[in-house]
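Me: I would like to learn how to read a structure like this one, feature by feature. Where do we start?

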Amino acid sequence: MPPTQAESVIKNIIREIGQECAAHGEIVSETLVAFMVKAVVLDPSNGFNVDRTLIKSDVQKLVKLCVTRLLDSKNPSLDTIKMQVYFDMNYTSREEFLEEHHRVLESRLGSVSREITDNRACAREELESLYRKIVSYVLLRSGLGSPTDIKVVREATAALQSVFPQAELGTFLTLSKKDKERQLKELTMIVTGIRLFNRDCGKGGGGVDDLPAILREAIPATTQHIDSQLQIAQDQAYRYTAILEKVSKNPLMSKELQPYMLKEALYNVRQYEIFLQIILSDIITCAQEVEIMVKQLGAQLEQLKMTVKSKTAVPTSQVFPIFIALSNLWTSFQDETVLISVLSNLTTHLEPFLGAHELLFPEKVLQDLLDGVTVKTDVCRMKEHMEDRVHPADFRKVEWLFPETTANFDKLLIQYRGFCAYTFAATDGLLLPGNPAIGILKYKEKYYTFNSRDAAYSFAENPENYIDLIREKAKKNAELIQLLELHQQLETLIPYSQMKDVDKHYIKPITKCESGTQTDTHILPPTIVRSYEWNEWELRRKAIKLANLRQKVTHSVQTDLSHMRRENCSQVYSSKDASTQSTREGSTRVPRPQIYIAGLRGGPTKTTHGVKVNLTRAVDET
């Protein structure tokens with residue numbers, strides 16, 4: 001059958017199923033019907049061959065089976081599929097949501113922007129009308145107040161006139177359309193920054209919500225609500241798991257509990273838990289972004305206050321960039337507010353898909369089933385087998401990864417969303433959390449975890465057998481395709497909720513081990529040519545030098561100082577301690593003169609007569 005004809009047949013089948021459901025009072029979306037058609041065709045028990053062209057009886061059978069399943073309101077499997085379809089249609093990643101949100105805002109402002117950029121005003125009244133349209137555009141684009149609020153319009157007009165007086169409209173009209181749009185956006189950001197600064201100073205800010213305060217209240221409240229819902233879902237999953245674990249060990253109980261659809265209920269609550277974790281992760285990211293932006297907003301306002309202070313005039317080059325930064329921060333606050341609101345609404349709309357649990361499993365029925373059963377949490381199950389690690393030496397053909405030997409251990413994409421592959425295949429669909437700490441099996445570039453060492457060893461003996469069993473189980477329960485992330489094996493489309501994990505399929509483990517190397521310093525003899533020169537200018541210089549030397553004569557001269565000079569060497573004895581003794585001491589002296597004069601005192605006569613007596617001894621007598 002040609003592709004176009006096949007598509008036409010499928011569309012007719014989907015339309016007919018939708019009409020049949022509507023006739024029974026059930027309105028279903030085309031996406032849900034298309035998913036159900038694929039689920040019915042994949043189920044081997046229905047006997048459809050995807051390689052064979054559908055005949056009329058096949059189409060009637062397909063329509064009847066799909067309608068029956070879509071109208072079964074007490075089937076947890078249908079609720080899970082509806083939940084998956086709703087989440088896939090309404091959830092997008094943070095980046096895609098913000099991009100789409102900005103695109104919608106731009107499209108809404110398109111008509112207002114065209115009225116301004118295509119305007120050819122000349123008269124005074126026309127120019128005044130154009131200026132009012134610019135004020136309305138600024139208010140609509142900034143989202144700070146309503147254009148119908150007189151107080152807000154006056155404040156915005158005053159802020160706009162301070163940076164773009166009405167007298168400059170003539171210059172504005174001469175610009176090209178692109179330049180007009182660019183200037184309108186810049187004016188919006190500057191006016192927004194001015195109004196935010198005035199609000200912070202207590203001089204304005206009418207119609208401006210305190211978004212940081214609103215987010216500080218909304219984020220914890222939303223997080224608390226999701227945490228409480230997550231806890232309820234996990235408690236319910238733990239109880240279902242405990243009952244199914246007991247049933248797997250007692251085949252007689254399995255037949256008795258088959259009408260209760262316990263496994264389908266477990267899949268439903270596990271899927272709900274996974275969606276809540278995705279939403280909670282996005283809200284935590286929002287909280288982190290808001291915390292950073294609050295600090296940046298305070299810093300920008302403080303910087304602006306320091307710049308302005310009490311000055312009557314401030315250069316635009318100093319304040320305009322800060323006004324624009326304030327506007328961008330406020331736009332980010334608005335984005336986070338819308339994102340939190342959307343995620344909160346998404347959480348609320350997921351709750352109705354759990355309605356079948358109370359009908360199928362009243363509290364009394366659950367308590368009877370739990371009699372004598374120990375309910376364990378996922379954390380408790382992991383702790384039980386934490387020490388029973390896989391021994392890689394027991395295997396030769398398969399590879400095992402461990403936290404201490406793999407650098408990106410936490411970033412590996414585990415198959416079946418981290419549930420134990422062996423337990424699911426061996427017990428016909430029981431979901432037990434795998435424990436990566438005991439070892440991750442790498443098989444054909446895919447990674448598997450197990451809840452115990454015995455389960456890991458059993459799976460490693462014949463992986464293909466268990467993988468085929470899981471694939472066949474997913475064909476019977478279509479909700480497992482998204483729950484266990486089996487799109488690569490059974491579908492070509494990947495839902496939005498899984499898009500952020502696509503790149504992880506290509507993440508390879510970075511294994512670590514202790515190693516050391518030692519090499520000789522020089523294994524081979526050096527082959528460096530010292531005379532080699534790569535620079536052509538240096539080679540040219542050497543060539544000129546050699547050419548000049550051919551015409552030169554070598555001369556030598558000697559001076560008096562260099563005549564007969566040669567290297568000499570001498571040898572001396574080493575010094576030693578020595579002492580000498582001189583002759584005895586001696587001295588000489590000359591005679592001291594001794595001369596006496598007698599008669600100096602006088603005598604009997606008046607005349608004095610002196611007698612000189614020399615008593616000095618001779619030299620040879622001394």
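This is a predicted model: local features need pLDDT of at least 70, side-chain atom pairs count only at pLDDT 80 or more; totals for chains, interfaces and linings use all residues.

Me: How many helices and strands does the protein chain have?

Reply: The protein chain has 23 helices and five strands. As for contacts between residues at least 6 apart in sequence, 72% of them join residues at least 24 apart.

Me: Let us take a helix pair. At what angle do α10 and α13 pack?

Reply: Helix α10, residues 211-248, packs against helix α13, residues 316-350, at an angle of about 25°, and the axes are 10 Å apart. Angles under 35 degrees count as roughly parallel, so α10 is roughly parallel to α13. The crossing of the two helices is left-handed.

Me: Which residues make the contact between α10 and α13?

Reply: From α10 come L211, P212, L215, A218, I219, T222, H225 and I226. From α13 come W330, F333, Q334, E336, T337, I340, S344 and T347. By class, the residues of this contact are nine nonpolar, six polar and one charged.

Me: Now a second pair. How do the axes of α7 and α9 cross?

Reply: Helix α7 (residues 150-163) and helix α9 (residues 177-201) have axes that come within 9 Å and cross at roughly 115°. Here the crossing is right-handed. On the α7 side the contact involves V152, E155, A156, A159, L160, S162 and V163. On the α9 side it involves L187, I190, V191, I194 and R195. The classes in the contact of α7 with α9 are nine nonpolar, one polar and two charged.

Me: On to strands. What holds the strands of a sheet together?

Reply: In general, strands of a sheet pair through backbone hydrogen bonds, and the pairing is either parallel or antiparallel. In this model, an open sheet of three strands has the order β1-β2-β3, with antiparallel pairing. The strands β1 (399-401) and β3 (446-448) stand at the edges with a single partner strand each, so one side of each has no neighbour in the sheet. Direction ignored, neighbouring strands of this sheet are turned by 35° against each other on average.

Me: How many bridges join β1 to β2?

Reply: Three bridges join β1 to β2, and the two run antiparallel. Within that part of the sheet, W400 stands opposite L441 in β2. Strand β2, residues 440-443, also pairs with β3 in the antiparallel sense, over three bridges. There, Y443 stands opposite K446 in β3.

Me: Which way do the side chains of a strand point?

Reply: In a regular strand, side chains alternate between the two faces of the sheet. For β2, I440 and K442 point one way, while L441 and Y443 point the other way. All four of these residues, I440, K442, L441 and Y443, are buried.

Me: What should I look for in the hairpin of β2 and β3?

Reply: Look at the backbone between the strands. The hairpin has two residues there, and K444 takes a positive phi near 55°.

Me: Which other residues have a positive phi without being glycine?

Reply: D428 is one of them, with a phi of about 60°. The residue lies in the loop between α17 (421-426) and β2. D428 counts as partly exposed, at 46% relative accessibility. E485 is another, with phi near 55°. Its place is the loop between α20 (479-483) and α21 (487-490). The cut-off for buried is under 20% relative accessible area, so E485 at 17% counts as buried.

Me: Last, single positions. Is S452 buried or exposed?

Reply: S452 is buried, with a relative accessible area of 12%. S452 sits in the loop between β3 and α18 (453-461). Apart from neighbours within four places in sequence, S452 is in contact with H385 and I438.

Me: And is D620 buried or exposed?

Reply: D620 is exposed, at a relative accessible area of 68%. This residue belongs to the segment after β5 (611-614). D620 and V590 are 30 residues apart in sequence, and their C-alpha atoms are 9.3 Å apart in space.

How values were computed: Residues are numbered from 1 along each chain as its sequence is written. Side-chain values use heavy atoms; hydrogens and water are left out. Axes are lines fitted to C-alpha atoms, for helices over the stretch in contact, and angles run from 0 to 180 degrees between N-to-C directions. Helices (H or I, at least four residues) and strands (E, at least two) are DSSP runs, numbered from the N terminus. Angles under 35 degrees count as roughly parallel, over 145 as roughly antiparallel, 65 to 115 as roughly perpendicular and the rest as oblique. A crossing is left-handed if the near helix is turned anticlockwise from the far one by less than a right angle, and right-handed if clockwise. Contact means heavy atoms within 4.5 Å. Ala, Val, Leu, Ile, Met, Phe, Trp, Tyr, Cys and Pro count as nonpolar, Asp, Glu, Lys and Arg as charged, and the others, Gly among them, as polar. Two strands pair if DSSP finds at least two bridges between them. Buried means under 20% relative accessible area, exposed over 50%, partly exposed in between (1.4 Å probe, protein chains only).
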